[in-house]
Amino acid sequence: MGKSMALADFTKQLDALATEAVRAFDSAATAEALEGARVEFLGAKQGRLKAAQKGMGTIDKSDRPAAGKRFNEVKEQIESAFKAASERLAAAPVAAVKQGPQFDPTVPGTPFRIGRLHPITQTVEELKDIMGRLGFSVADGPEVEDEWHNFEALNIPREHPARDPLDNFYLATAAAATGGKTGLLRSQTSTVQIRVMEQAPPPVRIICLGRVYRPDTADATHYPMFHQMEGLLIDTQVTMADLKSVLRLFATSYLGRDVHIRFRPSFFPFTEPSVEADFHWDGQWIEFGGAGMVDPNVLKAVGYDPEKYIGFAFGLGVERLCMRRHGITDIREFYKNDVRFLHQF
Ligand code: FA5
């Protein structure tokens with residue numbers, strides 16, 4: 001009876017120890033608390049499980065296998081409770097992070113939206129490239145101009161209707177930029193003809209691509225700000241046939257071999273004779289700009305000898321060229337900044 005009681009007591013003692021240990025491990029809220037409980041129950045020297053194991057020595061030999069089996073079960077139970085508690089605490093910081101948006105590496109990423117050059121900028125670059133191959137270098141001039149470069153030197157006298165304030169953006173604030181002279185936003189890139197010839201002696205072979213401004217009402221083919229490509233060639237022997245050849249070469253390079261070109265008589269104060277240049281493409285004639293032989297008065301204004309030098313000039317609308325090339329029917333699309341339109345180019 002004493003022997004069996006001893007086994008029963010031992011078993012009861014083990015069960016109580018297991019209950020206490022499991023509760024301690026389950027309730028440990030921090031790594032420190034868990035370590036305290038581990039030392040208390042599972043400590044190799046002073047641990048309470050170790051102490052219980054020592055009690056096995058007092059049990060009758062014949063009961064020892066049963067006691068040992070029970071001890072091992074309890075030991076396993078306590079150890080697995082400790083392991084579970086360790087894992088719970090180790091996972092805790094991760095659980096906190098998981099409260100944020102979950103990172104799923106298999107979800108396709110958001111692609112970067114790569115910008116691109118505006119279609120007009122692309123066109124400007126391409127036109128420079130084409131004209132560069134024909135030997136024209138690029139010149140530039142200011143968008144805020146004085147009346148000398150925009151009118152006077154281009155043979156447009158004071159009383160000429162082209163100088164009407166209703167047809168130009170005169171600037172009250174431009175006086176400072178133009179040295180006290182009346183200023184305006186340039187209405188044509190022909191200003192750059194004058195600036196180039198004032199700076200250098202002949203021969204001249206330049207283009208200028210830039211913005212010009214006119215108080216035109218915006219419609220499908222007009223905009224108050226648009227771009228022109230100006231061309232100027234001055235030498236000793238230049239004819240209208242050269243002008244037509246250059247414009248034809250330009251047109252076929254930009255639009256294709258099937259383009260035809262036509263000159264219609266026209267008038268510009270700075271060319272004589274003057275023409276409107278039309279391109280025929282896709283069954284339609286389209287006016288792209290004006291051209292002509294540089295008027296001797298213009299050559300005189302910049303100090304060139306008109307008896308010795310002669311040349312041609314042209315000014316084409318860049319938007320119209322780009323529209324024709326891409327089948328764009330409304331010039332206003334360029335400046336709405338709608339990416340659905342712009343990203344097609
Ligand atoms: C001129 O501006 C002259 N300077 C061209 C020139 C240069 C003639 C050299 C002779 C020698 P015009 O005003 O026609 O010409 O304009 C030229 C082109 O600019 C037009 O054919 C058209 O293609 C374009 N254009 C004119 N106004 C607008 C506008 N409001 N919006 C868009 N394009 C325009």
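Biologist: How many residues surround the ligand?

Modeller: Happy to start there, and please keep in mind that this is a predicted model. The closest residues to the ligand are Gln-188, Arg-214, Asp-216, Gln-228 and Glu-287. The number of residues surrounding the ligand is 25.

Biologist: How do the residues of that shell divide into nonpolar, polar and charged?

Modeller: The shell around the ligand holds residues of each kind. It divides into 9 nonpolar, 11 polar and 5 charged.

Biologist: What percentage of the ligand's exposed area does the protein bury?

Modeller: Start with the ligand taken alone, which exposes 680 Å². Of that area, the protein buries 93%.

Biologist: Which strand gives the most to the shell around the ligand?

Modeller: The space taken by the ligand is the largest pocket. The elements giving two or more residues to the shell are strand 6 (225–235), strand 9 (284–294) and strand 10 (310–317). With 5 residues, the one that gives the most is strand 9.

Biologist: Where is Pro-273 placed, the residue joined to Glu-272 by a cis peptide bond?

Modeller: Most peptide bonds are trans. A cis bond joins Pro-202 and Pro-203, with omega about 0°, and Pro-203 is in the loop between helix 7 (191–199) and strand 5 (204–213). The bond from Glu-272 to Pro-273 is also cis, with omega near -5°. The place of Pro-273 is in strand 8 (residues 271–281).

Biologist: What is the phi of Asn-155?

Modeller: Most residues other than glycine have a negative phi. Asn-155 is found in the loop between helix 6 (147–150) and strand 3 (169–171). Although Asn-155 is not a glycine, its phi is positive, at about 70°.

Biologist: What distance separates the centres of domain 1 and domain 2?

Modeller: The domain assignment gives domain 1 as 7–99 and domain 2 as 119–342. Taken over C-alpha atoms, their centres are separated by 94 Å.

Methods:
Residues numbered from 1 in each chain as written. Predicted model: local features only at pLDDT ≥ 70, side-chain atom pairs only at ≥ 80, totals over all residues. Heavy atoms only, no water. Domains from an automatic or database assignment. Near = heavy atom within 4 Å. Areas by Shrake-Rupley, 256 points an atom, 1.4 Å probe, with all protein chains shown as cover. 1 Å grid on protein atoms, 1.4 Å probe; cavity = no way out; pocket = protein on both sides within 12 Å on 5 of 7 lines; lining within 4 Å. Sits in = over half its atoms within 2 Å of the grid points. Helix = DSSP H or I, 4+ residues; strand = E, 2+ residues; numbered from the N terminus. Nonpolar A, V, L, I, M, F, W, Y, C, P; charged D, E, K, R; others polar.
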